[in-house]
Amino acid sequence: PTGEGPGKRRVGLLAQEVKNLIPEAVKETHSDVTLTDGAVVSNLLMVDESRILMETVGAVQELKRIAGKLEKRLDKMEEERTKFLQPCSCCSHLNKTKNINGQW
């Protein structure tokens, strides 16, 4: 279960991992931060979630553009395949021969 409270698991991003991918989405506090349990963290890293959202939207747009190009290429290949598989008039006599399995 996700959410807040006892028995609930929080889902998030590790700033160190985000920093490797999108350095501008991570900010350093440059000071000590005391956590609710009393632990002190020096130079805490914070993730700018709005920056992550913008990067995600950009990535989805790019993937959509790439998928569109691939779909056009696939359509063209299927069209060429269909043309290739249609018998030409000079080979119509081949349609009356047995195939590998001995069927007409």
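Arginine 65 counts as partly exposed, at 43% relative accessibility. In this predicted model, arginine 65 forms a salt bridge with glutamate 62. The closest N and O atoms of the pair are 2.5 Å apart. Glutamate 62 is partly exposed too, with a relative accessible area of 36%. Why can these two side chains be placed to meet? Arginine 65 and glutamate 62 lie 3 residues apart in helix 2, so about one helical turn separates them. Helix 2 covers residues 49–85.

Follow helix 2 further along. Glutamate 80 and lysine 83 also join their side chains in a salt bridge. Here the N to O distance is 3.9 Å. A salt bridge requires a side-chain nitrogen of Lys or Arg within 4 Å of a carboxyl oxygen of Asp or Glu, so a distance of 3.9 Å qualifies. The spacing is again 3 residues in helix 2, about one helical turn. Glutamate 80 is partly exposed, with a relative accessible area of 42%. For lysine 83 the value is 48%, and this residue is partly exposed as well.

Now step back to the whole chain. The protein has 104 residues. It contains 2 helices and 4 strands. From the N terminus on, the order is α-β-β-β-β-α.

How much of the protein is buried? Of its residues, 6% count as buried. Buried means under 20% relative accessible area. The exposed surface comes to about 9,500 Å². Carbon and sulfur atoms supply 57% of that area. Consider next the contacts with a separation of 6 or more: residues 24 or more positions apart account for 23% of them.

Return to the charged pairs. How many salt bridges does the structure hold? There are 6. Among them is the one between lysine 19 and glutamate 28, whose side chains meet at 3.4 Å, N to O. Lysine 19 is partly exposed, at 34% relative accessibility. Glutamate 28 is likewise partly exposed, at 36%. Salt bridges also link Glu24, Arg51 and Glu55 in a network.

The surface has a nonpolar side as well. Which residues make the nonpolar surface patch of about 290 Å²? They are Leu53, Met54 and Val57. Leucine 53 is found in helix 2. With a relative accessible area of 51%, leucine 53 is exposed. The cut-off for exposed is over 50%, so leucine 53, at 51%, passes it.

Two loops between strands deserve a look. Histidine 30 sits in the loop between strand 1 (26–28) and strand 2 (32–34). Its phi is near 55 degrees, a positive value in a residue other than glycine. Is histidine 30 buried or exposed? At 63% relative accessibility, histidine 30 counts as exposed.

Asparagine 43 lies in the loop between strand 3 (40–42) and strand 4 (45–47). Phi of asparagine 43 is near 50 degrees, also a positive value in a residue other than glycine. Asparagine 43 has a relative accessible area of 42% and is partly exposed.

Notes
Residues numbered from 1 in each chain as written. Predicted model: local features only at pLDDT ≥ 70, side-chain atom pairs only at ≥ 80, totals over all residues. Heavy atoms only, no water. Buried < 20%, exposed > 50% of the residue type's maximum accessible area, 1.4 Å probe, protein only. Contact = heavy atoms within 4.5 Å. Areas by Shrake-Rupley, 256 points an atom, 1.4 Å probe, with all protein chains shown as cover. Patch = residues over 30% accessible without salt bridge, like charges linked within 9 Å, V, L, I, M, F, W, Y side chains within 5 Å.
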